[in-house]
Amino acid sequence: MDRGPPLRYLRRRPREVRMERIGFAGLGLMGHGMARNLLAKGFAMTVLAHRRREAVEDMVARGAVEAADPADLARRSDVVVLCLTGSPQVEAVVAAMGPGLREGMAVVDCSTADPVSTDRLREDLGRRGVALVDAPLSRTPKEAWEGTLDVMVGAEEADFARLEPVLRAFAARVIRVGPPGAGHRMKLLNNFLSLGYGALYAEALAVARKAGITVAAFDSVIRDGRMDCGFYRTFMGYALEGDRNAHRFTLRNAHKDLRYLEGMANAAGVATTMASAAKNSYALAVGLGGGGEEDYVPHLADWIARANGAGA
């Protein structure tokens, strides 16, 4: 009986990567770098114009196609990646994609969104045979451009297996944290920690200034000590060094994310002693005038200082 060639001559076939046609909506500070990496890794790309016309023109110059509208974006794509501000924007774009959606497509939502909205969208899209995967991001526009973001994914196992190569085109760490919806829930917890740090740092610096301790002296004790961390250094890139772009995540978005976290905790019946306190720090900054497109999280130190008579 022919048993075939000896085992030593058998070779594994390389795993084939399905080169999905990608649609991308949301070429903002994070999305532009993500889309660039997807295109550079060989994925066919269609982009949708929003606010940053220069980003669309850059992508078209690199070989992407510009969609006429969200429905056209869906028609041209197998997978649509959304990197938008929040749930209202995601819901609006998904609704507008409606005429172009078809069975077998997938929508990957990389926005920081309200999990209640995510669950509702997943059910609506599922009835049309379209998978919704939540894949929010961690890190900054710098890592988006370098293709080294962190992604926390909520997905069915089969959808994750299909879409992991797409996510790895712009991320160094891709972690499935659970079923659909788990990614957005984990993202809110992640942002609660980071934005909570920001609120603590801002208040500590205000107290330090009022108590006669300089920012430099404060930093000399914390830096390289047990309380040091990567987020602290990013925050102090502005507070100590004056780099206004040290962390380009707006105070307005921070306030939005903590409202989503508060809502998630309320639905779970958890008291939000710390989350609400952090949220109110950002609400104060936005209310005092820090709600602009270039008012970023490290600038919170200035707004808290001013509110306490410790700054200009």
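Is glutamate 91 buried, partly exposed or exposed? Glutamate 91 has a relative accessibility of 28%, and therefore counts as partly exposed, where buried means under 20% relative accessible area, exposed over 50%, and partly exposed in between, with a 1.4 Å probe and protein chains only.

Before going further, note that this is a predicted model, in which local features need pLDDT of at least 70 and side-chain atom pairs count only at pLDDT 80 or more, while totals for chains, interfaces and linings use all residues. Residues are numbered from 1 along each chain as its sequence is written, and side-chain values use heavy atoms, with hydrogens and water left out.

**The whole chain**

Start with the entire protein chain, whose C-alpha trace spans about 85 × 50 × 45 Å along its principal axes. It holds 13 helices and nine strands, which are DSSP runs numbered from the N terminus (H or I and at least four residues for helices, E and at least two for strands). Of its 312 residues, 51% count as buried.

**Glutamate 91 and its surroundings**

Now select glutamate 91, which is found in helix α4, residues 87-97. Leaving aside neighbours within four places in sequence, glutamate 91 is in contact with Ser117, Arg120 and Leu121, contact meaning heavy atoms within 4.5 Å. Glutamate 91 and leucine 121 are 30 residues apart in sequence, and their C-alpha atoms are 7.6 Å apart in space.

Among the buried residues of α1 are Met34, Ala35 and Leu38. After α1 comes glycine 42, whose phi is positive, near 100°.

Then select Phe24, Met34, Leu38, Met45, Leu137, Val153 and Phe170, which touch the most other members of the largest nonpolar core, a set of 38 residues. A nonpolar core is a set of buried Ala, Val, Leu, Ile, Met, Phe, Trp, Tyr and Cys residues joined through side-chain atoms within 4.5 Å. Apart from this core lies another, of 26 residues, with Ala202, Leu205, Met236 and Ala301 among them.

Centre the view on phenylalanine 170, in the loop between α7 (157-167) and β9 (171-178). Phenylalanine 170 counts as buried because its relative accessibility is 0%. Not counting residues up to four places away in sequence, phenylalanine 170 touches several residues, including Met34, Leu38, Cys110 and Leu137. Phenylalanine 170 and methionine 34 are 136 residues apart in sequence, yet 5.3 Å apart in space, C-alpha to C-alpha.

**Helix α8 and its partners**

Two packed helices are described by the angle between their axes and the distance between the axes. Select helix α8 (residues 182-210) together with helix α11 (residues 251-268), which pack at an angle of about 120° with their axes 9 Å apart; axes are lines fitted to C-alpha atoms, for helices over the stretch in contact, and angles run from 0 to 180 degrees between N-to-C directions. α8 and α11 are therefore oblique to each other, given that angles under 35 degrees count as roughly parallel, over 145 as roughly antiparallel, 65 to 115 as roughly perpendicular and the rest as oblique. On the α8 side the contact includes Leu188, Phe192 and Leu195, and on the α11 side Leu258, Leu261 and Met264.

To see where they meet, show Gly198, Ala199, Ala202, Glu203, Leu205, Ala206 and Arg209 in α8 with Leu300, Ala301, Ile304 and Ala305 in α13.

Finally, bring in helix α5 (residues 115-126), whose axis and that of α8 come within 9 Å and cross at roughly 170°. That angle makes α5 roughly antiparallel to α8. Pro115, Thr118 and Asp119 of α5 make this contact with His184, Arg185 and Leu188 of α8.

**A last stop**

End at histidine 299, found in the loop between α12 (273-287) and α13 (300-307). With 2% relative accessibility, histidine 299 counts as buried. Leaving aside neighbours within four places in sequence, histidine 299 is in contact with Tyr238, Arg244 and Glu294.
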